[in-house]
Amino acid sequence: MRTALKKNNALILGIETSCDETSAAVACGEKNILSNVVVSSLRFHKKYSGVVPEIACRHHAENINIVLDKALKQAKAGLSDIKAVSVTQGPGLIGALLVGVSMAKALSYCLRIPIIPVNHLHGHLYAALLSTDKAARFPATGLVVSGGHTTLVHMRGIDNLKLMGQTRDDACGEAFDKAARVLGLGYPGGPVIEKLAAKGRPGKIRFTRPFLEAGSMDFSFSGIKTSVLNLVRGMKGKPCSTADICREFQDAVFDVIIEKTRICCLKNRSESLLVGGGVSANGQLRKRLKILCDREGIDLFLPARGMSLDNAAMIAALGSYKYNRHIFGSLDFTAMSDMPF
Ligand code: KG4
Ligand code: ZN
């Protein structure tokens, strides 16, 4: 058991259950992760080509105690060492969020420790700061690219966020998943499309890039997904392969993301770019973001590969940041499927 820990190195327990990952983690300070246990119910959703909320919730209820015990054990800590519990409040699947929020409230109540509700998208952006000792300079732009969100925010500081743009239809990860389904590539679509795109020939086909109104920082990906569907339906005899389609699909989605991110960075005179969410695991996107930032003189913060997807480490670390600034919630907050910054 730890004794005499400095206050800003208090142990914070993080809980994440917004989608299909049940996760618990222990942070000791704002960047130091002692444990991060993730159990995914992904394989139970594969045959439905997407996350089934009912199945995800059942697995959260079954796994939450297991991941908590493991996270504490790996951190060599007991419940009495934990100084606060931070939890994903939203956005996400409401039934799934409620499992984590209920557990966090029970711990906060029984252990008489503060509870810290955290925005899941904010957690994804914070994950980018965990990969390096370098400090982000502000103002910054935050880009979340996940299965449920494509969001640009202006950051005046780590905890001062303003929404600049978001998707008007499918999120980019969702578009990868739906395009993969149309192409018969299984679920989730992102990793398999990335792999095939690497073998695809550029310029064999051309999809329209939806940039919307001039200067808009909103996104729309459903048209690119429909282009894939239309192409596949009328494909007999066409001189392009599945790999070529993946290549063009990925290029089209990333052309839009890179351009909107560039506009947002320039508009807000951003000194840093923080990126998070499942799609930020994509090597091609990472490469293109690096080129953008090098060209514009912006510091780029990307999550370590394992930290792009949903995890409680980012929730625990952001909880630690808030704990050190006395930003606490109270037990009467509720989970929110749609949650503003
Ligand atoms: O952040 P995340 O784990 O869950 C949400 O909060 O939504 O993101 C999951 C999404 C899925 O849509 C998946 O297809 C996508 O991230 N993804 C990728 C890659 N790895 C995961 N998309 C593109 N390229 C990848 N390598
Ligand atoms: Zn996520």
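Mentor: What follows is a short talk about the pockets and the ligand of this model. The model is predicted.

Trainee: How does one find empty space among atoms?

Mentor: Rolling a probe the size of a water molecule over the atoms shows where space is left empty. Here, the largest pocket holds about 1,000 Å³ of space. It is lined by 40 residues, and those closest to its centre are Ser146, Gly147, Gly148, Asp177 and Tyr187.

Trainee: Which elements give two or more residues to the lining of the largest pocket?

Mentor: They are α4, α5 and α6. The largest share, 6 residues, is from α5.

Trainee: How do the residues of that lining divide into nonpolar, polar and charged?

Mentor: The lining of the largest pocket has 14 nonpolar, 16 polar and 10 charged residues.

Trainee: Where does ligand 1 sit?

Mentor: Ligand 1 is in the largest pocket. Around the ligand there are 19 residues, of which Gly147, Asp177, Glu194, Gly278 and Asn282 come nearest. Gly147 and Asp177 were also named among the residues closest to the centre of the pocket.

Trainee: Which elements supply at least two residues each to the shell around ligand 1?

Mentor: The shell draws on α4 (120–129), α5 (172–182) and α6 (189–197) in this way. For the shell, the largest share is the 4 residues from α6, whereas for the pocket lining the largest share comes from α5.

Trainee: What should I look for in polar contacts with the ligand?

Mentor: Look for pairs of N or O atoms within 3.5 Å. Two such pairs involve the backbone: an oxygen atom of ligand 1 is 2.9 Å from a polar backbone atom of Gly147, and a backbone N or O atom of Gly278 is 2.9 Å from an oxygen atom of the ligand. A side chain takes part as well, with an N or O atom of His120 lying 3.3 Å from a ligand oxygen.

Trainee: How much of the accessible area of ligand 1 does the protein cover?

Mentor: On its own, ligand 1 has 560 Å² of accessible area, and the protein covers 90% of that.

Trainee: What is the volume of the second largest pocket, and which residues line it?

Mentor: Its volume is about 150 Å³. Among the lining residues are Pro91, Leu121, His149, Asp338 and Phe341. The lining of this second pocket divides into 6 nonpolar, 3 polar and 1 charged residues.

Technical notes
Residues are numbered from 1 along each chain as its sequence is written. Chains are lettered from A and ligands numbered from 1 in the order in which they are written. This is a predicted model: local features need pLDDT of at least 70, side-chain atom pairs count only at pLDDT 80 or more; totals for chains, interfaces and linings use all residues. Side-chain values use heavy atoms; hydrogens and water are left out. A residue is near a molecule or strand if one of its heavy atoms lies within 4 Å of it. A polar contact is a pair of N or O atoms within 3.5 Å; within protein, one must be able to donate a hydrogen and the other to accept it, and residues adjacent in sequence count only if both atoms are side-chain atoms. Accessible areas come from the Shrake-Rupley method with a 1.4 Å probe; for residues, only the protein chains shown count as cover. On a 1 Å grid over the protein atoms alone, a cavity is a set of points where a 1.4 Å probe fits but cannot get out, and a pocket is an open set with protein on both sides within 12 Å along at least five of seven lines; lining residues have an atom within 4 Å of a point. A molecule sits in a cavity or pocket if more than half of its atoms lie within 2 Å of its grid points. Grid points are joined across faces, edges and corners, and a volume is the space filled by probe spheres set on the points. Ala, Val, Leu, Ile, Met, Phe, Trp, Tyr, Cys and Pro count as nonpolar, Asp, Glu, Lys and Arg as charged, and the others, Gly among them, as polar.
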